[in-house]
Amino acid sequence: MKPVPEGPAPEPTVQRLRVRYAKRGRLRFTSHRDISRAVERAVRRAGIPVAYSAGFNPHPKISYAGAAPTGVASEAEYLEIGVNRACDPRRVRDDLDASLPPGLDVLDVVEARDGGLADRLEGSVWELRLPGAEPEEAERAVKEFLSAGHVEVERLTKKGMRRFDARQAVRTLTVVEGPEKTAGQEPVQPCVILRMVVRHETPAVRPDDVLMGLRLVAGFAPPSPAAVTRLAQGPLDAVTGEPADPFDLDRAGGER
Amino acid sequence: MSVESLFPRLEPLLPKVQKPIQYVGGELNSTVKDWDEATVRWALMYPDAYEVGLPNQGVQILYEILNELPETLAERTYAVWPDLEALMRSEGVPQFTVDGHRPVRAFDVLGVSFATELGYTNLLTALDLAGIPLEAADRTGEDPIVLAGGHAAFNPEPIAGFLDAAVLGDGEQIAIAISEVLREWKSEGSPGGRDELLMRLASTGGVYVPKFYDVEYHPDGRIMRVVPNRDGVPSRVFKHTVMDLDEWPYPKKPLVPLAETVHERFSVEIFRGCTRGCRFCQAGMITRPVRERSITTVGDMVEAGIKESGFSEVGLLSLSSADHSEIADITRGLADRYDGSQIGLSLPSTRVDAFNIDLANELSRNGRRSGLTFAPEGGSERMRKVINKMVTEEDLIRTVTTAYSNGWRQVKLYFMCGLPTEEDVDVLGIADLAKKVIRAGREATGSRDVRCTVSIGGFVPKPHTPFQWAAQCDHETVDRRLRALREALRSDKEYGRAIGYRYHDGKPSIVEGLLSRGDRRVGRVIRAVWEDGGRFDGWSEHFSFERWMAAAERAFEGEPVDVEWYTTRERDEHEVLPWDHLDAGLDREWLWQDWQDALGDVEVEDCRWTPCYDCGVCPTMGTEIQVGPTGRKLLPLTVI
């Protein structure tokens, strides 16, 4: 017979809160594990009544959906917290944001309705800043890439070198107009900005896979590493190909 | 003159290195003070990787205390991994602090905390990356004062050439005092330059400035004497002792990192010092006397620390936590306060004979069973008498029986190999002990689902202990005994599979021994190892015994000494030891007598509970034992 923990069972989850947060600036160097530790501590400091799993080693009920890789910034990361006492989502947004270090910033909190959050995150909008790259070369490479049916790329994964297609997952890919200079700013070096919508697939196609694709089809090789930011995630619109806000379905029926 | 942040130059390197978050700073409760508003600026270094250094209590305490001073600022720096070191060299980025990302060379003091001697090569990397000359003699007014502290600083002689100064003992008050001397000297316009500043520090008798002392040697290699080489420098330097820990309730705001570190908990030191008198234990000798933090201060610190950090585990820290005079009330009080809150308690060091069922129950009240570790240290009764670890086999069996019958399934046991007078049979005794532990566990639980892990490493004789005269056991003998023990454990059909075995081989202990009891001549070895690429010697994947031995051979050429001379050679009573001019308060004659008692299997009691046996610390240092009970209790926390 297995030993059973003494004492009462943990209090049940009465509400699930969905959180959209950003990973900005220096904190883009946090890994997924770093973030989950930071969130657990912030939840405790903020006094949010997080529910715990049963067992000898109870874990807070916090789940994460599709975290951006270490080194990549994001304006659209998602997590879900199970609480054992109903909370006002707006208050949780403020308290959690105040408890998290600056750079991990809470943007939006809603009460979850039916359906899993992860299933709604069908695609992402990525922005890649490529300092020192030539806009004309970028335009040409993008055109070549989009006109190709398949672009086989390679990436080293935990299971060794893997070959897969980086083209089909890319819904849109454009060269954004160069960075506009705001008043008082020093003239910046030329910088190409790519914007792309990529469908989430297995194996996942990452922004750097697309970059490798651009190099393979058109020899496009920016001189320095890309600064990558995820701008949005959500269900992909069949017509526009753009992601919608994944919280729309939770908000349907009006704010509480 | 302001100092620019190096972060814009560091940032492009970070995507190319492992765990970049460790170099970014921004920990919860970290502080970046205005550079220009401070007069005295400290860079505090823990000379190991961030994941080891960040949780270090000493650095966190000094960081907070110094930053509370109005005209002082303190930032932290850690050893960078070789991947970043290579990039910093190629891109010309100097050693930086993680708080303001300021260059370490711009600070007034580089304070380095040495918990172990294996951080010495990392000091050299940091100095070199910072652009600070490795040898103190080559430094100018543009360089910080390089100041060592921590337990290894009780014999800083091997790194004396790289240091400007060293401090022995508790850092709280002396750090403030040094800051004040610096502030005064700077406000006077830095008269007399670096030398006068060092002289002002040295003349207090509380700061050791190696270059003000000359070491003279006998032709056979032994030290003849160590003497001050200028007027006004005291012949002995004394350690520092904070007497009232309730007046120094630090850390108040623990640093909470984003990166994963070795200790993910809020630690409160519940007392400092230990007088159990284990003869191998340098910490127990140099931190005397015992000074308890009161139950109420501990309660307040835990409450504030949890609120400030969000940690879910509280470590009650000390050299032997179950020995606090009110440990039962502390653990019960804390367990009551945090009942049902998922806050777990742990006692990192618990003596076998001080553990009991009440403690076991309080520690596991919220359902968690953190691991239990006990350290009998010696495998036979005779061995434990030699080292004065007064723990009997009955104590151990009774304690593990309590633990197993209260739900623990796993117990870890720590031992040492290569202790003075040790023979093969003493080490093989560990196997018998482990089997008895499993047998007791099976009987107590009626189940075969109990385990124990035997963890064992080589013994290193340390300065300021009764074993400072002892011959260190050679690594061949240590490794042979460790293999024999493994065989004895594995070959047992009844118990073998229930016993795990972890060991550290004997070679690193020889290097640690060289560095622990070395003199100034050993500095050449350290430098040669570092120049040959030696880094992170505390990490087995980076440590190279061959590199150390090859460097020693070159460095000692033409000298009457070698590695064996420093390690496996027994010293006689009157040999001048490299640290004899550094005073931890311990009476040398008492230490020698205790060494003789060890050889005669004579035990010594704890002076907390029996009359004083004249170790010398209290009269020399003007200190006294500070223990409870206070009779106070922890009241439930009221929610306002």
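Predicted model: local features only at pLDDT ≥ 70, side-chain atom pairs only at ≥ 80, totals over all residues.
The buried residues of H14(B) are B:Asp426, B:Val427, B:Gly429, B:Ile430, B:Ala431, B:Leu433, B:Ala434, B:Val437, B:Ile438, B:Ala440 and B:Gly441. Just after H14(B), B:Gly446 adopts a positive phi of about 65°.

Chain B, to which this helix belongs, contains 21 helices and 18 strands. The C-alpha trace of chain B spans about 75 × 70 × 55 Å along its principal axes. A compact globule of 640 residues would have a radius of gyration near 26 Å, and the value for chain B is 25 Å, so the two agree. Of the 640 residues in chain B, 50% are buried. Contacts between residues at least 6 apart in the sequence of chain B join residues at least 24 apart in 79% of cases.

Five strands of chain B form an open sheet with parallel pairing, in the order S2-S1-S3-S4-S5. The edges are taken by strand S2 (72-78) and strand S5 (165-166) of chain B; each has a single partner strand, so one side of each is left without a neighbour in the sheet. Strand S1 of chain B, residues 40-46, pairs with S2(B) in the parallel sense through seven bridges. Within S2(B), B:Leu73 is the residue opposite B:Arg41.

The loop between helix H1 (7-10) and S1 of chain B holds B:Tyr23. This residue, B:Tyr23, has 23 other C-beta atoms within 10 Å and therefore counts as buried, the threshold being 20 or more. Leaving aside residues up to four places away in sequence, B:Tyr23 touches B:Leu10, B:Leu14, B:Leu84 and B:Val98. The C-alpha atoms of B:Tyr23 and B:His101 are 8.9 Å apart, although 78 residues separate the two in sequence.

Chain A is made up of 256 residues, of which 37% count as buried. Its secondary structure consists of six helices and ten strands. Along the principal axes, the C-alpha trace of chain A extends over about 65 × 55 × 35 Å. Among contacts in chain A with a separation of 6 or more, 76% involve residues 24 or more positions apart.

The domain assignment divides chain A into domain 1 (15-119) and domain 2 (123-234). Between the C-alpha centres of domain 1 and domain 2 of chain A the distance is 28 Å. Nine residues from domain 1 of chain A and eight residues from domain 2 of chain A take part in the contact. On the domain 1 side, the residues that touch domain 2 of chain A comprise six nonpolar, two polar and one charged.

The two chains also meet. In this interface, 23 residues of chain A are in contact with 20 residues of chain B. The side of chain A that touches chain B has ten nonpolar, six polar and seven charged residues.

Terms used: Residues numbered from 1 in each chain as written. Chains lettered and ligands numbered in written order. Contact = placed C-beta atoms within 7 Å. Nonpolar A, V, L, I, M, F, W, Y, C, P; charged D, E, K, R; others polar. Helix = DSSP H or I, 4+ residues; strand = E, 2+ residues; numbered from the N terminus. Buried ≥ 20, exposed ≤ 12 C-beta atoms within 10 Å, placed from the backbone. Rg over C-alpha atoms; globule rule 2.2 N^0.38 Å. Pairing = 2+ DSSP bridges. Domains from an automatic or database assignment.
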